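Here is a set of questions to work through with the model open. Each answer ends on the item asked for.

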Amino acid sequence: MKKAIFDHKAILAGIKYCFLLLLLSASVKSFGQTRGKVQVVAPPLFDTLLAKRAALNSGKAGGSPRYSSSYGYRVQIYSGTNRSAAFNAQAKCNKEFPELRTYIVYREPNFKIRAGDFRTRIEAERFKQQLSAYFTSLFIISEKINPPKITTSDD
């Protein structure tokens, strides 16, 4: 009769296989995604602010939209590398047209002074004609403009 001989390599392979299955089942269990709940915490006035902004944009609170940002036109009155000349041109424009907004744009090495927030090119052309008496080289630039100033009365 032969004595049973255990194959140590087979036992080690079986242990490795069982350990691998144990690791896989544990990782699936621990790293699996479960559905959760999301709770949004917002200040109590947040909803009222959203409603007020929607009303302002839709025009319900005064007949016309009070807040908008869009593209329009500005008249460029100065472009050059001299900083003091740029500020002088801006001051001259502010002195002659105090109701007009002026903007300084600096893109190295040039300073550019732009004036106005015009919705149409025709408005910009009309204003360019008025400015031609004070400045020599004028250009109309298309860019994002600021909304016009609106005065509200709380009667």
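Q: Through how many residues does a hairpin join E2 to E3?
A: In this predicted model, E2 and strand E3 (residues 110–118) pair in the antiparallel sense over 6 bridges. The loop between E2 and E3 holds Pro-109. The hairpin joins E2 to E3 through 2 residues.

Q: Which residue in E3 is the bridge partner of Arg-107?
A: The pairing of E2 and E3 is antiparallel. Thr-102 stands opposite Ala-115 in E3. For Arg-107, the bridge partner in E3 is Asn-110.

Q: Which two residues are joined by a cis peptide bond, with omega about 5 degrees?
A: Most peptide bonds are trans. Pro-109 sits in the loop between E2 and E3. Omega is about 5 degrees at the cis bond, and the residues it joins are Glu-108 and Pro-109.

Q: With which residues is Gly-80 in contact, leaving aside its neighbours within four places in sequence?
A: Gly-80 belongs to strand E1. Its relative accessible area is 12%, under the 20% cut-off, so Gly-80 is buried. Beyond its neighbours within four places in sequence, Gly-80 is in contact with Pro-109, Asn-110 and Phe-111.

Q: How far apart in space are Gly-80 and Ile-113, C-alpha to C-alpha?
A: Gly-80 lies in strand E1. In sequence, Gly-80 and Ile-113 are 33 residues apart. In space, their C-alpha to C-alpha distance is 9.3 Å.

Q: What is the order of the 4 strands in the open sheet?
A: From the N terminus on, the elements of the protein chain run α-α-β-α-β-β-α-β. The pairing in the sheet is antiparallel, and the strand order is E2-E3-E1-E4.

Q: Why is one side of E2 and of E4 left without a neighbour in the sheet, and which positions do these strands take?
A: The order of the open sheet is E2-E3-E1-E4. Strand E2 (102–107) and strand E4 (139–145) each have a single partner strand, so one side of each lacks a neighbour in the sheet. Both stand at the edges.

Q: What is the average twist from one strand to the next?
A: The sheet is open and has 4 strands. From one strand to the next, the twist averages 40 degrees.

Q: At about what angle to E1 does helix H4 run?
A: Helix H4 (residues 121–131) lies across strand E1 (70–80), E3 and E4. What covers the buried residues of H4 includes E1, H3, E3 and E4. Relative to E1, helix H4 runs at about 25 degrees.

Q: Which exposed residues does the face of H4 turned away from its buried side carry?
A: The buried side of H4 holds Ala-124, Phe-127 and Leu-131. The face turned away from that side carries the exposed residues Ile-122, Arg-126 and Gln-129.

Q: Is the ring pair of Phe-97 and Phe-127 stacked or edge-to-face?
A: There are 4 aromatic pairs. In this one, the ring centres are 5.0 Å apart and the planes stand at 65 degrees. An angle over 60 degrees puts the pair in one class, so it is edge-to-face.

Q: How many residues apart in sequence are the parts tied together by Phe-97 and Phe-127?
A: Phe-97 lies in the loop between helix H3 (83–96) and E2. Phe-127 lies in helix H4. The pair therefore ties together parts whose separation in sequence is 30 residues.

Q: Which residues are linked into a cluster by ring pairs?
A: Phe-127 is buried at 8% relative accessible area, and Phe-118 at 11%. The rings of Phe-118 and Phe-127 have their centres 5.5 Å apart and their planes at 40 degrees, so that pair is tilted. The cluster linked by ring pairs consists of Phe-97, Phe-118, Phe-127 and Tyr-134.

Q: Over which ring does the charged end of Arg-74 sit?
A: The charged end of Lys-92 sits over the ring of Phe-135, 5.3 Å from its centre. For Arg-74, the distance from the charged end to the ring centre is 3.7 Å, and the ring is that of Tyr-103.

Key. Residues numbered from 1 in each chain as written. Predicted model: local features only at pLDDT ≥ 70, side-chain atom pairs only at ≥ 80, totals over all residues. Heavy atoms only, no water. Pairing = 2+ DSSP bridges. Axes fitted to C-alpha atoms, helices over the stretch in contact; angles between N-to-C directions. Contact = heavy atoms within 4.5 Å. Phe/Tyr/Trp six-rings, centres within 6.5 Å; stacked < 30°, edge-to-face > 60°. Buried < 20%, exposed > 50% of the residue type's maximum accessible area, 1.4 Å probe, protein only. Lys NZ or Arg CZ within 6 Å of the ring centre and 35° of its normal.
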